[in-house]
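The structure is shown first.

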Amino acid sequence: MFIDKAQAKYSQLLTKKDWNILAFETSCDDTSVSVVQNGRKVLSGVISSQIAIHNEFGGVVPEVASRKHIENISAVLDEAMKQAGVGYGDIDAVAATYGPGLVGALLVGLNAAKSVSLSLGVPFVGVNHMEAHVCANYISSETLEPPFLCLVVSGGHTQIVAVDSYSEYRILGQTLDDACGEAFDKVSRVLGLGYPGGPYIQNAALDGDPHAISFPKAKLKTGELDFSFSGLKTAVLNYINNHKEININDVAASFQYTAVNDLSSKAMLAAKIYGYKKLAIAGGVSANKLLRETLQKQTKKAGIEFYVPKFEYCTDNASMVACAAYYKLKDGRFDDLSMNADPALDIGQK
Ligand code: KG4
Ligand code: ZN
């Protein structure tokens with residue numbers, strides 16, 4: 001049985017100092033493979049982006065994404081092994097994202113990882129994509145350790161998460177409708193800018209006035225740490241539809257300012273309510289310069305340590321998956337090959 005073999009291999013690993021984990025990430029539109037040593041030392045990280053293909057459609061087309069992952073995965077794996085300068089005999093465990101994400105896309109990386117781990121006879125570790133985003137902070141900071149608070153903002157999620165330990169996560173607040181990244185993508189599309197929207201909005205905003213248009217703040221009946229971005233998105237769309245001439249830069253800057261203000265003020269409020277002295281951010285939107293600068297200032301003022309992933313680890317990548325897998329494996333947790341993709345997996349869900 002595979003799991004017995006993996007268990008025997010794991011017992012050997014416990015006597016070994018350095019663990020090399022090979023990881024796959026294919027949850028959306030990036031095909032990525034990395035080799036990471038001891039969770040934080042990236043030996044290689046290769047990403048094949050499908051942005052140019054999906055840009056034509058203004059968003060990710062799931063079937064196209066799956067097909068492109070299949071076409072690319074072997075070459076990306078070969079390149080990651082080559083760049084890491086290790087052989088398959090040096091790989092101690094294999095990991096893959098198993099959710100959340102697009103099911104057809106997830107299955108490609110998941111099955112690739114299972115095949116490699118079966119053929120090498122090493123443990124297989126299934127990783128939660130949102131937990132991996134949080135772990136991107138460990139790669140960028142040698143010293144960060146739980147407990148801390150993390151604002152996780154991506155194309156599909158907007159959550160304030162308590163990271164209690166390397167394996168325990170609690171959602172303290174989250175969006176009730178659209179994710180923040182989704183709003184960036186939609187506004188960008190309506191303004192005729194490209195996909196994914198975040199970097200385009202950020203760029204257009206450089207020449208705009210953030211106070212030119214006053215978009216409404218979300219009013220929520222639920223918890224004070226929850227978010228709503230559908231109202232802001234609609235307000236921006238209405239503004240565009242109701243004005244014959246618009247200044248794209250002003251719309252982008254005002255939208256970005258409103259979204260960032262909401263994210264940063266709630267993250268700071270959560271830190272205050274729960275008494276956290278360490279705040280991290282993660283996910284694609286954490287690459288946003290205004291968000292990073294705003295929280296940098298606010299945390300400094302409040303005497304809170306602030307952690308941000310390096311830009312390359314904000315958006316989807318397999319290095320963060322390898323890091324999450326390392327801490328799962330350290331905990332003695334690894335998976336059977338019967339593990340399936342789980343498109344709606346929640347952070348902290350066991
Ligand atoms: O984490 P990610 O790469 O994929 C998901 O797991 O969803 O996040 C992608 C999202 C997209 O919505 C994209 O527009 C947004 O992250 N994003 C940004 C920036 N860079 C990427 N949003 C705001 N500012 C950015 N600089
Ligand atoms: Zn992601």
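Contact here means heavy atoms within 4.5 Å. Helices (H or I, at least four residues) and strands (E, at least two) are DSSP runs, numbered from the N terminus. Axes are lines fitted to C-alpha atoms, for helices over the stretch in contact, and angles run from 0 to 180 degrees between N-to-C directions. The model is predicted, with pLDDT of at least 70 needed for local features and 80 or more for side-chain atom pairs, while totals for chains, interfaces and linings use all residues. Residues are numbered from 1 along each chain as its sequence is written, chains are lettered from A and ligands numbered from 1 in the order in which they are written, and side-chain values use heavy atoms, with hydrogens and water left out.

**Sheets**

Two strands pair if DSSP finds at least two bridges between them. One open sheet has 5 strands in the order β3-β2-β1-β4-β5, with mixed pairing. β3 (41–49) and β5 (124–128) each have a single partner strand, so one side of each lacks a neighbour in the sheet. On average, neighbouring strands of this sheet are turned by 20° against each other, direction ignored. Strand β1 (residues 20–25) runs parallel to β4 (residues 93–99), and 4 bridges join them; Leu 22 stands opposite Val 94 in β4. Helix α5 (residues 129–140) lies across β1, β3, β4 and β5, at about 95° to β5.

Another open sheet of 5 strands, also of mixed pairing, has the order β8-β7-β6-β9-β10. Its edge strands, β8 (169–174) and β10 (305–307), each pair on one side only. Strands β6 (residues 148–153) and β9 (residues 278–282) run parallel and are joined by 4 bridges, with Leu 151 opposite Ile 281 in β9. α5 packs on this sheet as well, touching β6, β7 (158–163), β8, β9 and β10, and its direction makes about 120° with that of β6. Helix α10 (residues 289–302) lies across β6, β9 and β10, running at about 175° to β9.

**Pockets and cavity**

On a 1 Å grid over the protein atoms alone, a cavity is a set of points where a 1.4 Å probe fits but cannot get out; a pocket is an open set with protein on both sides within 12 Å along at least five of seven lines, and lining residues have an atom within 4 Å of a point. Grid points are joined across faces, edges and corners, and a volume is the space filled by probe spheres set on the points. Ala, Val, Leu, Ile, Met, Phe, Trp, Tyr, Cys and Pro count as nonpolar, Asp, Glu, Lys and Arg as charged, and the others, Gly among them, as polar.

| Space | Volume | Lining by class |
|---|---|---|
| Largest pocket | about 1100 Å³ | 15 nonpolar, 18 polar, 8 charged residues |
| Second largest pocket | about 230 Å³ | 8 nonpolar, 5 polar, 5 charged residues |
| Largest cavity | about 60 Å³ | 4 nonpolar, 2 polar, 2 charged residues |

Of the 41 residues lining the largest pocket, Cys 28, Gly 155, Asp 185, Tyr 195 and Pro 196 are the closest to its centre. α6 gives the most to this lining, with 6 residues. α6 and α7 pack at about 65°, with axes 8 Å apart. In this contact, Phe 184, Asp 185, Val 187 and Ser 188 of α6 meet Gly 197, Gly 198, Tyr 200 and Ile 201 of α7.

The second largest pocket has 18 lining residues, with Gly 126, Asn 128, Glu 131, Lys 328 and Arg 333 nearest its centre. β5, α5 and α11 (318–330) each supply at least two residues of that lining.
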